[in-house]
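User: I'm new to reading protein structures. Could you walk me through one, feature by feature?

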Amino acid sequence: MNRRQLLSISALSIPLSGCVEWDFDGTTENNSPAPKATDTPSKTATETGTPPSEVSTPECWPSMCEGSKLVEVQVVGGFSGAVVIIAICQDKELSIHPGQSVQINRDTDAQTCRIVLSVDGKQAFSETVNSHQSVNLTVDSDGEVTERWIVQ
């Protein structure tokens, strides 16, 4: 009889992952592994207002910091015309060839800039990107421009 009690007590005292473990003093301890936090990469700004780590820092959030993306233009490989991007605030004018992508970053914290995009000599986009925004522009094979705004 003592032998059965000893076996049942020793069987209960073996810790099992995910189970509650009983101590001899009557207290319980959860032996489950702690849930691990999952890392979610944040490569671009979101529209939720949450400060992404690679785009802004607490010093200049919600405005975008120096070095953050102001505008990115991608021209698909099937397009055969001329594409030119102008960042007026930085006196930059760049030609973008089919299959290429160009990104212009901020020179200063919270920089606001007028962006003009010409496709085959015609103005296809002209907007001011504010201090808390960036924009992605895509020129498709027909020369149509799609814009995607990112707001902090």
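**Starting from one residue**

Analyst: Let's start with Asn105, which lies in strand β6. Keep in mind that we're looking at a predicted model.

User: Okay. Is Asn105 buried, exposed or partly exposed, and how do I tell which?

Analyst: You look at the relative accessible area: under 20% is buried and over 50% is exposed. Asn105 has 30%, so Asn105 is partly exposed.

User: Which residues does Asn105 touch, leaving out those up to four places away in sequence?

Analyst: Asn105 touches Gly67, Ser68, Lys69, Leu70, Gln90 and Gln111. There's also a polar contact between the side chains of Asn105 and Gln103, at 2.7 Å. And here's a pair to find on your screen: Asn105 and Ala87 sit 18 residues apart in sequence, with 9.9 Å between their C-alpha atoms.

User: Now the strands. In which order do the strands of the sheet with β6 come?

Analyst: First the general idea: strands of a sheet pair through backbone hydrogen bonds, either parallel or antiparallel. Here the order is β6-β3-β9-β10, an open sheet of 4 strands with mixed pairing. Since β6 and β10 each have a single partner strand, they stand at the edges, so one side of each has no neighbour in the sheet. On average, neighbouring strands are turned by 10° against each other, if you ignore direction.

User: How many bridges join β3 to β6?

Analyst: There are 5 of them, and the two strands run antiparallel.

User: What about the open sheet with antiparallel pairing: what is its strand order?

Analyst: That one also has 4 strands, in the order β5-β4-β7-β8. Its edges are β5 and β8, each with a single partner strand, so each has one side left without a neighbour in the sheet.

User: What's going on with phi in the hairpin of β4 and β5?

Analyst: This hairpin has 4 residues between its strands, and Asp91 takes a positive phi near 50°. You can look for positive phi in other loops too. Ala110, in the loop between β6 and β7, isn't a glycine but has a positive phi near 60°. Its relative accessible area is 29%, so Ala110 counts as partly exposed. Then look at Asp120 in the loop between β7 and β8: phi is near 50°, again positive in a residue other than glycine. With a relative accessible area of 46%, Asp120 is partly exposed.

User: Let's go inside. Which residues of the largest nonpolar core touch the most other members?

Analyst: The general idea is that in soluble globular proteins, nonpolar side chains tend to be buried together. In this model the largest nonpolar core has 20 residues, and Val73, Ile115 and Leu117 touch the most other members. The elements giving two or more residues to this core are β3 (69–75), β4 (83–87), β6 (101–105), β7 (113–119), β8 (122–129) and β9 (133–139).

User: What is Ile115 in contact with, beyond its neighbours within four places in sequence?

Analyst: Its contacts are Leu70, Val71, Ile85, Ile86, Ala87, Phe125, Ser126, Glu127 and Val129.

User: How many aromatic pairs does the structure hold?

Analyst: There's 1. Phe125 and Trp149 form it: their ring centres lie 6.2 Å apart, and the planes make 40°. Because planes under 30 degrees apart count as stacked and those over 60 as edge-to-face, this pair falls into the tilted group. The two partners come from distant parts of the chain, 24 residues apart: Phe125 in strand β8 and Trp149 in strand β10 (residues 145–151).

User: And how accessible is each partner?

Analyst: Phe125 has 3% relative accessibility, so Phe125 counts as buried. Trp149 has 21%, so Trp149 counts as partly exposed. The cut-off for buried is under 20%.

Note on methods: Residues are numbered from 1 along each chain as its sequence is written. This is a predicted model: local features need pLDDT of at least 70, side-chain atom pairs count only at pLDDT 80 or more; totals for chains, interfaces and linings use all residues. Side-chain values use heavy atoms; hydrogens and water are left out. A nonpolar core is a set of buried Ala, Val, Leu, Ile, Met, Phe, Trp, Tyr and Cys residues joined through side-chain atoms within 4.5 Å. Buried means under 20% relative accessible area, exposed over 50%, partly exposed in between (1.4 Å probe, protein chains only). Contact means heavy atoms within 4.5 Å. Rings of Phe, Tyr and Trp (its six-membered ring) pair if their centres lie within 6.5 Å; planes under 30 degrees apart count as stacked, over 60 as edge-to-face and the rest as tilted. Two strands pair if DSSP finds at least two bridges between them. Axes are lines fitted to C-alpha atoms, for helices over the stretch in contact, and angles run from 0 to 180 degrees between N-to-C directions. A polar contact is a pair of N or O atoms within 3.5 Å; within protein, one must be able to donate a hydrogen and the other to accept it, and residues adjacent in sequence count only if both atoms are side-chain atoms.
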